[in-house]
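Here are a few notes to read alongside the structure.

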Amino acid sequence: MAEESLTARQQREIDYHRDYAASKASEKLKPVNFDVVEDEKRRPHNAFWSTYDLLLAHDLKGGRALVPGCGFGEDAIRLARLGADVEAFDISPDIIDVARRRCAEFGYQNVSLGVMPCEALAFPDNSFDLVYFIDILHHVDIPKTMAEVVRVLKPGGRIIGNELYTHSFMQKRIRESWLVDKALYGAMKKFIYGDDKPYITEDEHKIDENEFAHVENACERFQARWFNAFVGRLAPDRLPLVAEIDRFGMSLLGDNGRFAAGRVVFEGVVGKA
Ligand SMILES: C[S@@+](CC[C@H](N)C(=O)[O-])C[C@H]1O[C@@H](n2cnc3c(N)ncnc32)[C@H](O)[C@@H]1O
């Protein structure tokens, strides 16, 4: 990846993740937890588990899967465990270095790791059966990324994902209100994130309904499940009962959940000309 062709935003991501990768290396150079693909008892109130439920409904054996912005490689390694032939990449060479060392140390097979931006993929057209997004779209240029994803997916190819989301009304009228921004957020962030310094890069923001429309519109068939009206905003995700009540409320709202949600889990089949 030629440094001079990077945007300022992409360069900031690389710079931020240099220290982040170093700070997480010993924690991440450990075996991957496979509970979410192996446990029979499921957790449908949890967005992460629900994304895997969508995945587990398909036979991945022999298929080619792409994991953009793969971070330290957990999801890529799990997809390979399910039988997919996986290409995974991240814009941060430091993060990919840790992911490669992890695969080498624990003998994880069928995962090829690369360094590239989501907005310019080094894969030929019609290469993949599946693209699996986890917490990446809020870091990237979504229209450019979706154009690339559609290009590299085969006709009938599928996207499955789980992303931070907030409707613009919620963001502008509530999250950015004086009360929440200046008074509540500072007091509550340690309780919610378990850390005074949450992992948030300078440019990232929850995607809103207009940005999410680029994902929906790239698909000829699409479904979304809405999560986390309270979890991650007023309560940490380590309280399963709160998460169950939250998800129950969101399921009653159906697709109107998009006005209250803090996360979206989705699946679509891309439309290709
Ligand atoms: C919140 S992390 C998510 C990582 C992983 N998907 C996970 O769920 O653990 C976001 C990742 O996106 C990567 N990233 C940021 N901008 C990117 C871009 N334009 N293209 C590819 N990766 C990018 C970062 O380096 C970081 O590893």
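**Notes on the predicted model**

1. Let's begin with the ligand. This is a predicted model, and in it 20 residues surround the ligand, with Gly69, Gly71, Ile91, Ser92 and His139 the closest. By class, this shell holds nine nonpolar, six polar and five charged residues. Helix α1 (residues 8-28) supplies the largest share of the shell, three residues.

2. Next, the sheet. Seven strands form an open sheet with mixed pairing, in the order β3-β2-β1-β4-β5-β7-β6. At its edges are β3 (111-115) and β6 (219-227), each of which pairs on one side only. From one strand to the next, the twist averages 15°.

3. Strands β5 (residues 153-164) and β7 (residues 263-270) run antiparallel and are joined by seven bridges. If you want a place to start, find Asn162, which stands opposite Val265 in β7.

4. Now a helix pair. Helix α6 (residues 142-152) packs against helix α9 (residues 209-217) at an angle of about 10°, and their axes are 10 Å apart. Angles under 35 degrees count as roughly parallel, so α6 is roughly parallel to α9. On the α6 side the contact is made by Ile142, Pro143 and Met146, and on the α9 side by Glu211, His214 and Val215. Sorted by class, the residues of this contact are four nonpolar, one polar and one charged.

5. Most residues other than glycine have a negative phi. Asn110, however, has a positive phi of about 65°, and Asn126 also has a positive value, near 55°. Asn110 sits in the loop between α5 (93-106) and β3, while Asn126 lies in the loop between β3 and β4 (128-134).

6. Are these two asparagines buried or exposed? Asn110 has 16 other C-beta atoms within 10 Å, so Asn110 is partly exposed. Asn126 counts as exposed because it has 12 C-beta neighbours inside 10 Å, and the cut-off for exposed is 12 or fewer.

7. Finally, please have a look at Glu74. Glu74 belongs to helix α4 (residues 74-81). With 19 other C-beta atoms within 10 Å, Glu74 is partly exposed; a residue would need 20 or more to be called buried. The C-alpha atom of Glu74 is separated by 8.0 Å from that of Asn33, although the two residues are 41 residues apart along the chain.

Methods: Residues are numbered from 1 along each chain as its sequence is written. This is a predicted model: local features need pLDDT of at least 70, side-chain atom pairs count only at pLDDT 80 or more; totals for chains, interfaces and linings use all residues. Helices (H or I, at least four residues) and strands (E, at least two) are DSSP runs, numbered from the N terminus. A residue is near a molecule or strand if its C-beta atom, placed from the backbone, lies within 6 Å of it. Ala, Val, Leu, Ile, Met, Phe, Trp, Tyr, Cys and Pro count as nonpolar, Asp, Glu, Lys and Arg as charged, and the others, Gly among them, as polar. Two strands pair if DSSP finds at least two bridges between them. Axes are lines fitted to C-alpha atoms, for helices over the stretch in contact, and angles run from 0 to 180 degrees between N-to-C directions. Angles under 35 degrees count as roughly parallel, over 145 as roughly antiparallel, 65 to 115 as roughly perpendicular and the rest as oblique. Two residues are in contact if their C-beta atoms, placed from the backbone, lie within 7 Å.
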